[in-house]
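Visitor: I'd like to go through this model with you. Can we put it up first?

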Amino acid sequence: MSKVTILAHNGRPGPEEALMGGGENWHTRSGAEALLALHSVTDGLSTSEAARRLEIEGENKIAGGNGPNPFGIFLAQFTSLMIWVLIAAGALSGIMGQLTDALAIMAVVLLHALVGFYQEYSAENSIAALKKLTSPQAKVKRGGVVLAIPASAVVSGDILVLEAGDLVAADARLLSASSITCSEAALTGESGVVEKHAAKLERSGIPLAERSNMIFMGTAIASGSGRAVVVGTAMNTQLGRIAALIQRADARAATPLQKKLDAVGRMLVWATLGIVVTLFLLGLWRGTPLLELVLTSVSLAVAAVPEGLPAVVTVALSIGVTRMARRGALVRRLSAVETLGSTNVICTDKTGTLTVGEMTVKALYVAGQAYEVTGEGYGSDGRVLLAGSDPARGQRAALLMLGTALVGCNNAHIASHSGLSTLVGDPTEGALLAAGIKAGADRANIDVTMPQLRELPFDSDRKRSAVVRKVSDDLCRVLINGAPGPLLALSTHIFGRNGVQALSDEDRVAIRSEISGMAKQGLRVLGSAYRDVTLILAETGNVAALERELVFVGLAGMYDPPRTEAKLSIAKCRDAGIRVIMITGDHPETASAIASEVGIVSATAPMTGENLDGMSDEKLAVIAPEIAVYARVTAEHKFRIVRALQVGGKNVVAMTGDGVNDAPAIKGADIGIAMGKSGTEVTRQAADVILVDDNFQTIVAAVEQGRGIYDNIRKTLQYLLAGNAGELMLMGVCVFAGLPAPLLPIHLLWINLVTDGLPALCLAGDPIDKDVMKRGPRPNSENIMDASFLIGMMITGMLTGGVALAVYVVTLQSHPVAVARTYAFTVLVFAELLRAFGARSTIRPVWQIALFTNRNLVFVVALSVGLQVWSQHNDILGTFLKSTSVPAADCLGLLLAGCVPLAAIELIKVVRGWPRRGKPLVS
């Protein structure tokens with residue numbers, strides 16, 4: 001191939017492109033002219049040429065904003081009102097000559113900023129890394145072979161293979177188009193779909209919306225199929241040009257949970273300020289020095305409000321997202337993690353989710369005779385057998401006719417590498433293609449002797465697809481595959497052993513009986529038919545004109561076995577209070593057979609799309625809670641079912657799917673879940689979660705993670721607020737009692753740093769409680785700080801503050817204030833650190849939780865306790881913390897005293913849980 005001049009990645013045209021008018025007028029060139037200009041051919045680029053162009057052009061990606069900005073994240077740590085109040089207090093200390101206090105306060109502020117920076121920078125990097133995992137795919141033709149490649153690897157001159165549901169990977173000039181319509185709202189703002197064709201346009205400079213022979217990156221193929229040659233990638237696309245004009249900013253919105261926590265934070269700020277002002281006025285009345293009062297009040301306010309909580313929430317969600325990714329669920333929006341925890345209805349497709357997703361035709365029916373098909377998957381190994389032996393010669397003509405319909409009306413491609421067969425295309429078409437080959441059809445021969453003239457793509461309303469092939473100069477044949485019921489209704493003749501004959505009532509009864517028999521075996525049944533038409537009708541006729549007076553050929557029964565883990569996962573959903581509803585386009589009896597096999601129990605017969613058509617939305621909302629299986633449904637039906645389940649706000653609905661017809665329901669559900677392997681790009685973009693393995697078990701694991709993350713955030717918040725409540729109680733009682741302040745500002749700042757920061761992060765990443773799926777889903781409207789939360793927080797705070805107060809008062813009887821403060825300070829640190837072990841569960845005693853399942857927490861607590869003990873014996877750190885030396889025996893005694901709150905809380909758990917001994921613990 002001769003050397004190609006390609007657009008530079010910086011967006012400036014190369015020499016050849018400049019001659020073409022900057023690439024704006026591709027629509028005025030014919031397909032052949034476009035191929036010639038791009039040095040490409042209809043069979044596509046060679047692999048080596050594509051690699052060379054990729055190296056020159058760069059990846060086909062729109063240049064977005066830069067990654068996390070370290071400097072910006074660091075500065076963001078100083079946006080808290082409390083932090084600025086603390087900085088002001090440090091400055092005030094310096095002005096009044098208290099340099100030690102000023103330096104200590106500033107050091108703590110800086111350390112807090114560094115810890116917050118690390119937390120948020122790590123979370124941002126984690127989220128950015130996960131986004132890379134959801135890059136879309138594109139189908140291209142290279143060297144005559146259709147390949148599925150990452151969209152980022154598409155280059156100019158590539159031949160795109162387009163089907164309904166695909167996102168367009170680059171700007172391209174259509175070479176062929178069969179009933180293609182495109183949704184260009186993302187680019188042009190036009191809400192409706194636009195019809196496309198491959199014909200050359202004469203006028204240059206027309207608006208994008210009128211360039212009917214062009215497709216553009218980021219738009220979606222709504223229907224039809226075709227081929228197109230890529231004329232622009234990355235920033236050289238229309239979408240890239242728009243992106244270049246936009247200053248991208250971080251627009252990641254706060255999640256609903258973060259908004260709730262922000263509201264909690266505001267409430268705490270005002271409550272704390274009220275308490276602090278009261279204590280300040282009381283101290284002022286008692287004659288406490290003004291500077292001491294200012295520093296103590298400000299420090300107490302900072303200690304009382306968990307300003308690091310938003311970072312903890314972000315890290316907890318990010319950890320959950322990472323865990324889900326390891327289990328095969330890619331979360332595209334953090335808010336989905338929260339909603340997953342309250343999901344109580346999962347609407348799932350059958351094929352590929354509850355089943356393995358590898359269709360295999362197991363039975364054929366043609367000319368009144370049923371056949372067994374051997375072999376698994378998409379390979380050509382296997383045969384079509386009649387009663388265990390090869391069909392007789394007279395039956396082979398009928399089988400060949402059926403095989404021709406199965407292969408001739410098919411867009412799938414099966415590639416063999418090292419003895420393994422891989423499918424590019426729809427699994428159903430792949431199974432039909434393999435069966436047609438086993439029945440004797442030869443695709444290469446069909447393409448030569450019956451070249452394709454036109455395609456009528458599958459749509460969910462017709463429930464079939466058709467291909468028009470040219471048989472001779474005057475004759476064309478329409479080959480049709482689709483739902484057998486509608487095909488039979490459109491048929492007037494049948495292909496029998498003796499050729500074409502009139503379709504009798506007896507034939508119809510026999511065919512319907514065979515359809516029912518296959519369905520009862522759990523087989524998905526498709527029918528095949530054909531019609532011979534004139535060349536003029538083939539070229540100009542609409543769908544209705546071509547798909548009538550058909551010759552019915554036969555049936556194909558496909559089997560997609562249930563996943564071995566699906567039954568266990570559905571049982572787990574039942575235990576967790578989650579309803580599982582199957583919504584499928586399959587035959588009702590097939591749907592019932594699979595549903596029964598995996599454990600979906602319905603009190604009623606399957607509801608069909610035909611039943612739904614005659615039902616109002618109000619009636620559907622009433623009966624939807626009783627129905628567990630829907631069959632023969634369209635995109636509109638799926639959307640209506642989801643909406644009916646959401647009426648009244650009682651259900652939080654997750655919807656799964658893979659096809660373009662699933663996208664509206666996925667978008668309308670509370671949680672949209674797309675299939676990563678078999679799903680179309682439109683469906684993936686509409687979803688909140690993408691399943692890498694298309695497995696129902698992964699959905700259940702994601703719900704489990706969602707519940708666990710919410711629990712972790714809740715117990716972390718309770719741990720933080722209980723510690724703050726204890727500090728407030730200790731300080732408040734002493735001020736009211738007229739005792740010297742038990743803690744200095746530097747003590748409060750140290751406690752806030754050592755006991756609130758790292759232990760809270762460890763709790764946020766705690767392993768999920770093994771019983772989290774043995775209790776019902778939480779209501780989506782549940783307040784995170786309910787009565788049990790507040791009671792637990794106050795009891796824990798009183799125990800922690802009470803131990804420190806007791807130590808302080810007792811020590812004050814026989815020691816100076818500085819020693820008493822040191823003892824109170826030390827025991828409070830010990831108590832809060834040890835309490836972190838009990839905070840891991842609100843219902844399980846600490847001895848029922850394996851200690852080293854959270855090794856980070858063990859390490860952090862041990863390190864912090866060691867640092868606290870060391871501070872009592874190191875002169876420099878002791879001076880910094882204004883603490884005195886503590887003998888080793890007393891350190892041990894204070895550590896034992898610090899165990900008292902933990903022991904008391906664990907005893908409360910035992911007493912509260914005693915009546916439920918031997919039963920699942922439910923909070």
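Visitor: How many helices and strands are there in the protein chain?

Guide: The protein chain has 34 helices and 27 strands. Helices (H or I, at least four residues) and strands (E, at least two) are DSSP runs, numbered from the N terminus. This is a predicted model, in which local features need pLDDT of at least 70 and side-chain atom pairs count only at pLDDT 80 or more, while totals for chains, interfaces and linings use all residues. Residues are numbered from 1 along each chain as its sequence is written, and side-chain values use heavy atoms, with hydrogens and water left out.

Visitor: What share of the residues is buried?

Guide: Of the 923 residues in the protein chain, 54% are buried. Buried means under 20% relative accessible area, exposed over 50%, and partly exposed in between (1.4 Å probe, protein chains only).

Visitor: Which residues have the most contacts inside the largest nonpolar core?

Guide: They are Met-324, Ile-346, Leu-354, Met-582, Ile-600, Val-689 and Phe-696, in a core of 51 residues. Helix H27 (residues 696-737) supplies the largest share of this core, 11 residues. A nonpolar core is a set of buried Ala, Val, Leu, Ile, Met, Phe, Trp, Tyr and Cys residues joined through side-chain atoms within 4.5 Å. Another core, of 47 residues, lies apart from it and includes Cys-734, Trp-750, Val-827 and Leu-881.

Visitor: And what is Met-324 in contact with?

Guide: Setting aside neighbours within four places in sequence, Met-324 is in contact with Ala-329, Val-331, Val-337, Leu-340, Ala-702, Gln-705, Gly-706 and Ile-709. Contact means heavy atoms within 4.5 Å.

Visitor: Different topic. Where is Thr-355 found?

Guide: Thr-355 sits in the loop between strand E9 (345-348) and strand E10 (360-366).

Visitor: Buried or exposed, that Thr-355?

Guide: Thr-355 is buried, at a relative accessible area of 0%. Beyond four places in sequence, its contacts are Lys-350, Asp-560, Pro-561, Pro-562, Arg-563 and Ile-594. Thr-355 and Ile-594 are 239 residues apart in sequence, and their C-alpha atoms are 8.5 Å apart in space.

Visitor: How many salt bridges does a search of the whole structure find?

Guide: The search finds 21. A salt bridge is a side-chain nitrogen of Lys or Arg within 4 Å of a carboxyl oxygen of Asp or Glu. One of them joins the side chains of Arg-464 and Glu-547 (2.8 Å, N to O). Arg-464 is in strand E16 (residues 464-470), and Glu-547 is in the loop between helix H19 (543-546) and strand E21 (550-559), 83 residues apart. Both Arg-464 and Glu-547 are buried.

Visitor: What about Glu-704 and Lys-572?

Guide: Their side chains also meet in a salt bridge (3.3 Å, N to O). Glu-704 lies in helix H27 and Lys-572 in helix H20 (residues 566-575), so the pair ties together parts 132 residues apart in sequence. Glu-704 counts as buried at 15% relative accessibility, and Lys-572 as partly exposed at 33%.

Visitor: Which residues are linked in a network of salt bridges?

Guide: Asp-769, Asp-771, Lys-774 and Arg-844 are. Within that group, the Lys-774 and Asp-771 side chains meet at 3.6 Å, N to O.

Visitor: Last one: how many residues of H31 are buried?

Guide: In H31, 20 of the 22 residues are buried, so the helix is largely enclosed by the rest of the structure.
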